[in-house]
Amino acid sequence: MSGLKALRNLFVLALVSSLGVVLVFACLQVILTGFMISQLPFGHEQAYTWYLQEWQVTSQTDAGFPLHGYVGPTGAIEGLPVPYPVTSHFGFSMDYFAGTKYHTGVDMACPVGTPVTNVMNGQVAFAGYDGSGYGRLVVVENDGVQSFYAHLSRIDVQVGQTVEAGTVVGATGSTGWSTGPHLHWEVRVNGTPVDPMQVTLPGE
Ligand SMILES: [Zn+2]
């Protein structure tokens, strides 16, 4: 047998065996997940919700104590543009239809018209309608950090305006690509979305 042929056989063997390993793990995963769901004291739909919550809680704890969205001494939720709990977290999540999806910010479900409080000192870089999905959008910028407030019903600021942390920049709504009234809050550092709950903003 020539060296080249032996090498080819070795390659095919490695390929087949690695495929086999992947298949075995995939089967184990399906069996294990099915078993875990069967052990839960509720149905499949609830199991999915439970899994999502567990995953979100775990991913939040792993990243450390949140800089934003904590419960303050008065019992109110602090450090967010609106005083409502986060209903959809940053990053990858399981999606029933799409498999996994990537969320570039955090969502807080809240009534239409809730005042949106800017979270960092800076200048208004955008204030208007965004056609790509954000709807009525305000972007505040400071030293490479951008804070996005999306799906607004009302905008109270103008481009170029200097705003401080605490300034109301608009009110929540459901404009753009949105399935219900909520604020989508997104923070980008040098253009890259980061977890708003963990980021240190300019002035903090
Ligand atoms: Zn969102």
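**Notebook: Gln146, the zinc site and the cores**

I looked up Gln146 and found it buried, with a relative accessible area of 19%; buried means under 20%, exposed over 50%, partly exposed in between (1.4 Å probe, protein chains only). I am working on a predicted model, where local features need pLDDT of at least 70, side-chain atom pairs count only at pLDDT 80 or more, and totals for chains, interfaces and linings use all residues. Residues are numbered from 1 along each chain as its sequence is written, and side-chain values use heavy atoms, with hydrogens and water left out.

I placed Gln146 in strand E7 (strands are DSSP runs of at least two residues, numbered from the N terminus). Its side chain makes a polar contact with the side chain of Glu141, at 3.3 Å. Such a contact is a pair of N or O atoms within 3.5 Å; within protein, one must be able to donate a hydrogen and the other to accept it.

Next I checked the zinc ion. Which residues coordinate it? I found His103 (NE2), Asp107 (OD) and His184 (ND1), at 2.0 to 2.2 Å. Donors are N, O and S atoms within 2.8 Å of the metal (3.2 Å for Na, K and Ca); water is not among the atoms, so the site may look incomplete. Asp107 sits in strand E3 and His184 in strand E10, 77 residues apart. Both Asp107 and His184 are buried.

Last, I turned to the largest nonpolar core, which has 25 residues. A core is a set of buried Ala, Val, Leu, Ile, Met, Phe, Trp, Tyr and Cys residues joined through side-chain atoms within 4.5 Å. Met108, Tyr149, Leu183, Trp185 and Leu201 touch the most other members.

Key: Helix = DSSP H or I, 4+ residues; strand = E, 2+ residues; numbered from the N terminus.
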